[in-house]
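Reader: Could we go through the aromatic rings of this structure together? Please start with charges and rings.

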Amino acid sequence: QVPGSLLLPSPPSATAPAGSCAVTGRPRRAMVAGWEVSLKESMKGMVKENARSVAKRPLPPIPADLRVDDPWKPPITLCLFYQYIEPAWTPKQHRAALAFVHDLGRKLHVTGRGRCAEEGLNCTLTGSAEGIREMAQGLRDWDPIFNETDFKLTDGLDNRKKFKSLTIQKKSELVAYGLPVSMAPSLKANETKHLEADEYHKMMAQPDTVIIDVRNHYEAQIGHFQPPPGGAEFIDPKVRNSHELPKWLALEETQEKLRGKKVMMYCTGGIRCERFSALMSQMKQDNPEFQTEGEYMVRGGVERYMKTFPQGGFWKGKNFLFDKRQEQIPENKPREELEKEVESCCCMCKKPCGVYRGGFKCSVKACMVPTIVCATCRTTLDAEPEAVKKLECPLCEEGWTLRELEAPKLHRAVKRKAESQGGTVSKRNREKHQNKAPSTRLFVGNLPFVVDASAIREALGKSFKLLQWITDQKTGVWYGNAFVELRSLKEASEAVEGAGSADGTRIGKRRLRVNFAPPKDGETWPPKGHVPHDRPPIPTDPGV
């Protein structure tokens with residue numbers, strides 16, 4: 001059952017007094033910093049130049065005052081960027097893009113992680129100030145579409161924030177909305193306006209406006225925009241993952257809340273807003289009764305906003321990050337003010353805490369989102385590890401769920417895959433290992449990139465004679481597929497049948513593709529010189 005409230009904070013529980021946390025019952029923290037001052041005062045300390053994207057502009061120069069205290073561990077530069085491609089890459093272009101990014105990154109000793117799909121590229125990279133800029137320029141030289149990319153650079157970070165290796169994963173979509181390229185709404189038809197950070201800041205003070213946090217709820221817990229009184233109304237969809245956002249947007253009460261309003265939205269770097277806003281535009285086309293006064297997103301996301309407003313602006317708390325920084329805070333905001341802004345609490349003792357540490361997750365199997373555990377309770381868990389099995393996130397404690405709702409049907413979505421004239425290719429690739437004659441050799445696809453032989457053995461529920469990780473013949477990169485030789489045809493048939501059942505065969509939350517894969521005529525099996533490896537051959541050194 002879906003609770004009725006769409007807004008954060010949640011309505012108080014029956015036992016919590018008004019103005020108190022529904023989970024803990026303790027008083028909510030008062031708004032501080034710029035919320036009780038005029039718009040003009042809230043813009044003090046703004047660095048307007050930082051609000052401007054580098055799209056179609058020269059990359060920023062290396063700071064002249066960049067210090068190198070330890071030549072063996074020099075400071076690093078971090079780069080966040082995404083670029084959607086429309087029409088989408090064909091499968092051949094997709095493979096070429098993946099190979100190019102890997103090769104360029106290794107050449108420049110750039111590390112990090114990213115997602116490469118037929119609809120584009122999304123990366124978080126680290127390296128030297130020179131290497132990162134050469135990487136960005138290399139992409140621009142390779143394909144002019146990257147001249148439109150907003151490369152967000154942060155120089156002078158501690159060397160310990162550097163990723164150890166470069167891993168670019170081949171994906172069906174850049175943001176996991178459950179809308180692969182063949183059915184995702186067209187970005188070209190998207191009417192959402194991109195505002196620079198200073199313009200976005202001013203709009204938050206306008207009435208008849210809402211501002212949606214399109215990130216996951218656990219991110220919003222430790223920090224979010226807090227518009228000033230009389231300004232935009234803050235909305236937290238309270239999603240556990242991006243798959244739930246289309247479901248939330250399809251709710252009648254959601255559309256009623258947004259109808260006739262200026263709709264602002266934001267995320268960490270902008271990429272989630274691109275897809276969400278395109279989805280919203282498509283749903284408005286499909287439903288003439290669902291109309292707004294326009295959609296607006298902040299160019300460069302919270303990352304660029306916070307650099308534009310180093311004193312915080314209308315941002316409250318911390319910006320949750322998925323890289324080794326873990327969180328971003330306004331550079332010039334006093335620590336004591338940050339402590340006053342903490343709304344979240346430890347999921348064990350319920351005391352105020354705004355830090356995710358220790359890798360703890362909600363114990364509810366259908367949820368498993370990150371949970372906050374304070375330093376004191378982390379010590380308790382070290383002594384009582386069984387208590388980890390009882391941790392629950394605030395959404396599970398509240399009973400909030402969107403999981404069972406149906407995703408919206410996009411009746412007139414532009415088929416961007418068809419625009420690229422590659423619509424039948426991926427289907428042929430999916431069918432490549434289907435409808436084959438029964439054999440003891442199986443094709444196992446859609447494997448997670450962190451996996452080993454024992455995990456596959458446990459998922460299949462069978463022991464096997466041989467495992468071969470399938471790598472690209474040109475690049476040697478592994479994309480998540482393998483051949484597995486079982487001990488009998490009966491066991492192979494059971495494995496294929498199990499994978500095709502309603503529950504499927506899974507490793508974690510990932511459903512595997514399992515089909516018969518008899519060797520082709522003339523194919524040597526096992527491969528000549530085959531050496532078994534427990535793990536796939538993913539490069540661990542960017543120089544390899």
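Author: Lys170 lies over the face of Tyr479, 5.2 Å from the ring centre. A charge sits over a ring if NZ of Lys or CZ of Arg is within 6 Å of the ring centre and within 35 degrees of the ring normal. This is a predicted model, where local features need pLDDT of at least 70 and side-chain atom pairs count only at pLDDT 80 or more, while totals for chains, interfaces and linings use all residues. Residues are numbered from 1 along each chain as its sequence is written, and side-chain values use heavy atoms, with hydrogens and water left out.

Reader: Which ring does the charged end of Arg441 sit over?

Author: That of Phe483, at 3.9 Å from its centre.

Reader: Why is the pair of Phe483 and Trp525 edge-to-face?

Author: The ring centres of Phe483 and Trp525 are 6.0 Å apart and the planes are at 80°, so the pair is edge-to-face. Rings of Phe, Tyr and Trp (its six-membered ring) pair if their centres lie within 6.5 Å; planes under 30 degrees apart count as stacked, over 60 as edge-to-face and the rest as tilted.

Reader: Is Trp525 buried or exposed?

Author: Trp525 is buried, at 19% relative accessible area; buried means under 20%, exposed over 50% and partly exposed in between (1.4 Å probe, protein chains only). Phe483 is also buried, at 13%.

Reader: How many aromatic pairs does the structure hold?

Author: It holds 18. One of them is Phe225 with Tyr266, edge-to-face with 4.6 Å between centres and 85° between planes.
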